[in-house]
Amino acid sequence: MGEDVTVRVLVVEDERLLADAIAEWLRRESFAVDVVYDGDAALERLGVNGYDVVVLDRDLPVVHGDDVCRAVVDSDRETRVLMLTAAAAVRERVAGLAIGADDYLTKPFAFIELSARVHALTRRTRPAAPPRLTRAGIVLDPARREVTRDGRPVPLSRKEFGVLAELLRADGAVVSAEELLERAWDEHIDPLTNVLRVTVMKLRRKLGEPPVIETVPGAGYRIR
């Protein structure tokens with residue numbers, strides 16, 4: 001998709017098997033996905049985290065999907081809403097769009113269509129690409145999703161790219177492991193996992209000598 005950071009999606013669906021299946025499909029597309037099963041939990045999560053797209057079932061328990069959609073619209077964030085419903089009537093789709101949904105998908109649907117719509121909403125949501133990030137001979141181009149060091153191309157995985165981008169944005173300041181996990185993965189990542197340590201190790205190897213990513217014991221990482 002070309003984004004320099006992982007796109008965050010909130011799936012709100014009371015049919016748990018469907019919700020989990022949607023989340024798994026979107027994670028395969030490299031989105032960071034959180035899942036809740038009712039409208040009240042959705043409002044709580046939206047109050048804590050910023051999301052690029054909310055995949056929102058309209059007929060939710062506790063708090064109706066329409067009310068969740070209105071809350072997203074009223075928040076003045078750039079979050080886009082893809083509303084899901086079992087009602088196929090045109091008036092239902094029109095009503096959903098009228099309260100602020102950006103797109104509408106009728107159940108049952110193909111997962112490939114759902115992910116295509118999320119991708120399309122993401123392109124509308126993301127701001128203009130920021131300028132290139134540079135430090136210690138490293139140049140990271142978010143728009144092209146390219147990295148070079150001293151003019152040498154450095155091929156990176158999506159997670160490696162996301163971690164490096166966060167370290168470069170810090171401009172020499174320390175970024176904690178918790179911050180890197182939150183920004184480059186999603187809330188389901190185990191904070192005790194070694195995935196970040198492994199990712200940083202691979203980054204160091206790919207960036208080559210002299211080493212530029214410093215481990216600050218008890219604090220995190222930084223690029224010197």
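This is a predicted model: local features need pLDDT of at least 70, side-chain atom pairs count only at pLDDT 80 or more; totals for chains, interfaces and linings use all residues.
Colleague: How many bridges pair S7 with S8?
Modeller: Two strands pair if DSSP finds at least two bridges between them. One link here joins Leu 140 to its bridge partner Val 147 in S8. S7 and S8 run in the antiparallel sense, and their bridges number 4.

Colleague: Which residue has a positive phi in the hairpin of S6 and S7?
Modeller: S6 and S7 are antiparallel and pair over 3 bridges. Arg 135 stands opposite Ile 138 in S7. The hairpin has 2 residues between the strands, and the one with a positive phi near 55 degrees is Ala 136.

Colleague: And which residue has a positive phi in the hairpin of S7 and S8?
Modeller: This hairpin has 4 residues between its strands. The residue with a phi near 55 degrees is Arg 145.

Colleague: Which strands are at the edges of the antiparallel sheet?
Modeller: The sheet is open, with 4 strands in the order S6-S7-S8-S9. An edge strand pairs on one side only. Here the edges are S6 (133-135) and S9 (152-153).

Colleague: At what angle does H6 run to S7?
Modeller: H6 lies across S6, S7 and S8. Axes are lines fitted to C-alpha atoms, for helices over the stretch in contact, and angles between N-to-C directions run from 0 to 180 degrees. Against S7, H6 runs at about 115 degrees.

Colleague: How is H6 oriented to H8, roughly parallel or roughly perpendicular?
Modeller: The axes of H6 (158-169) and H8 (195-207) come within 10 Å and cross at roughly 85 degrees. Under 35 degrees is roughly parallel, over 145 roughly antiparallel, 65 to 115 roughly perpendicular, and the rest oblique. So H6 to H8 is roughly perpendicular.

Colleague: Which residues of H6 meet H8?
Modeller: On the H8 side are Leu 196, Thr 199, Val 200, Lys 202, Leu 203, Lys 206 and Leu 207. Contact means heavy atoms within 4.5 Å. The H6 residues that meet them are Lys 159, Glu 160, Val 163 and Leu 164.

Colleague: Is Asp 57 buried or exposed?
Modeller: In the UniProt record, an unreviewed entry, Asp 57 carries the annotation "modified residue: 4-aspartylphosphate"; such annotations may be inferred rather than shown by experiment, feature names are shortened, and positions follow the numbering used here. Buried means under 20% relative accessible area, exposed over 50%, and partly exposed in between, with a 1.4 Å probe and protein chains only. At 2%, Asp 57 is buried.

Colleague: Which strands stand at the edges of the parallel sheet?
Modeller: This open sheet has 5 strands in the order S2-S1-S3-S4-S5. Its neighbouring strands are turned by 20 degrees against each other on average, direction ignored. Two strands have a single partner each, so one side of each lacks a neighbour in the sheet: S2 (32-36) and S5 (103-106).

Colleague: What is the relative accessibility of Val 55?
Modeller: Val 55 is found in S3. Beyond four places in sequence, its contacts include Val 11, Leu 82 and Val 118. Val 55 counts as buried, because its relative accessibility is 0%.

Colleague: Which residues does Ser 176 contact beyond four places in sequence?
Modeller: Ser 176 sits in the loop between H6 and H7 (177-184). At 16% relative accessibility, Ser 176 counts as buried. Its contacts are Ala 219 and Gly 220.

Notes:
Residues are numbered from 1 along each chain as its sequence is written. Side-chain values use heavy atoms; hydrogens and water are left out.
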